[in-house]
Amino acid sequence: MSIRKVGETQPQPEEGGSAQTSQPIRISKSAEDSDKKGTNRRLKDVEICVPIVYGTIAFYLGRKASESQSHKWTVYVRGATNEDLGVVVKRVIFQLHPSFNNPMRVVDSPPFELTECGWGEFEISISLFFHSDVCERQLDLFHPLKLYTEDESGPQSTKKPVVMESYNELVFPDPSEAFVARVQNHPAVVVPRLPAGFNLPNPESIDRVNEKGRGDTKDHPLSQWFLNFSEPDELLKLAAARQEVQAHIVNVRRKLSMLDGVPQLSKPPSGYEYT
């Protein structure tokens, strides 16, 4: 599964920063996921939402830098509110330009990022792999590395980076009970309200989630340059509202399907005529 093109560009108040948003990505179940129904029950008509941001931050190294190493840049995937994505994402593979040594870079624990030096812009392939109770199918994203500002009339700053970020929401329909049990109280994940009296199994631990210590990006060295797509609370409220609307639609569909099974009257009630 992949998504290549992002949506409309949103203007940012500061130069050198560009933000893009797109429609939520629905992660459909693979055949392997379906085969596991017996061992890991799924919650029908429930959706889990994970807001993410992926992007690049590039610094110009100045005139003293070599022509082939003119910029230092970082590509990453982070939680939209800078929470730890390791509870959902197991591994990220960044595919760089073939001119780099070892262009396929594997990051097995959060924070999911890598830093390199170079001079040219190119499209980076970002493949997300999820924990086994989340999804067996990988998600491929594509993001352009941006080193230069749109306005090239003046000299490039060595203190202010060029930032390019994209916001999206990963939606997991019919999640497994084990997945919901692990993330129901995690701040990086939006979980809808479950039916009263519903009991989830005890959450299982995930190996290597915190192998590097803290996996969030709240105190990240580059966090001052991260773009704000919305206030964190508003992001979560919007995602939660979307989940509530989805649940309401499901309930309405159930009621309509029940009505379809009720026998229809052979003639209209008294006082009404066929037209």
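1. Basis. The model is predicted, so local features need pLDDT of at least 70 and side-chain atom pairs count only at pLDDT 80 or more, while totals for chains, interfaces and linings use all residues. Residues are numbered from 1 along each chain as its sequence is written, and side-chain values use heavy atoms, with hydrogens and water left out.

2. Aromatic pairs. Seven aromatic pairs are found in a search of the whole structure. Rings of Phe, Tyr and Trp (its six-membered ring) pair if their centres lie within 6.5 Å; planes under 30 degrees apart count as stacked, over 60 as edge-to-face and the rest as tilted. One of the pairs joins tyrosine 76 and phenylalanine 226, which are tilted at 45° between the planes and 5.4 Å centre to centre. Tyrosine 76 belongs to strand β6 (residues 71-79) and phenylalanine 226 to the loop between α2 (177-183) and α3 (232-260), so the pair ties together parts that are 150 residues apart in sequence. Helices (H or I, at least four residues) and strands (E, at least two) are DSSP runs, numbered from the N terminus.

3. Surroundings of that pair. Tyrosine 76 and phenylalanine 226 are both buried; buried means under 20% relative accessible area, exposed over 50% and partly exposed in between (1.4 Å probe, protein chains only). The charged end of arginine 78 sits over the ring of phenylalanine 226, 4.2 Å from its centre (the criterion is NZ of Lys or CZ of Arg within 6 Å of the ring centre and within 35 degrees of the ring normal).

4. Other rings. Phenylalanine 172 and phenylalanine 179 form an edge-to-face pair, 5.7 Å centre to centre with 85° between the planes. Phenylalanine 172 is buried at a relative accessible area of 3%, and phenylalanine 179 is buried at 0%. Elsewhere, ring pairs link Trp73, Phe100 and Phe122 into a cluster.

5. Serine 132. This residue lies in the loop between β10 (123-130) and β11 (139-144). Serine 132 is exposed, with 53% relative accessibility. Its C-alpha is 9.8 Å from that of valine 89, which is 43 residues away in sequence.

6. Cysteines. The structure holds zero disulfides, a disulfide being a pair of cysteine sulfur atoms within 2.5 Å. Cysteine 49 is buried at 2% relative accessibility, whereas cysteine 117 is partly exposed at 23%.
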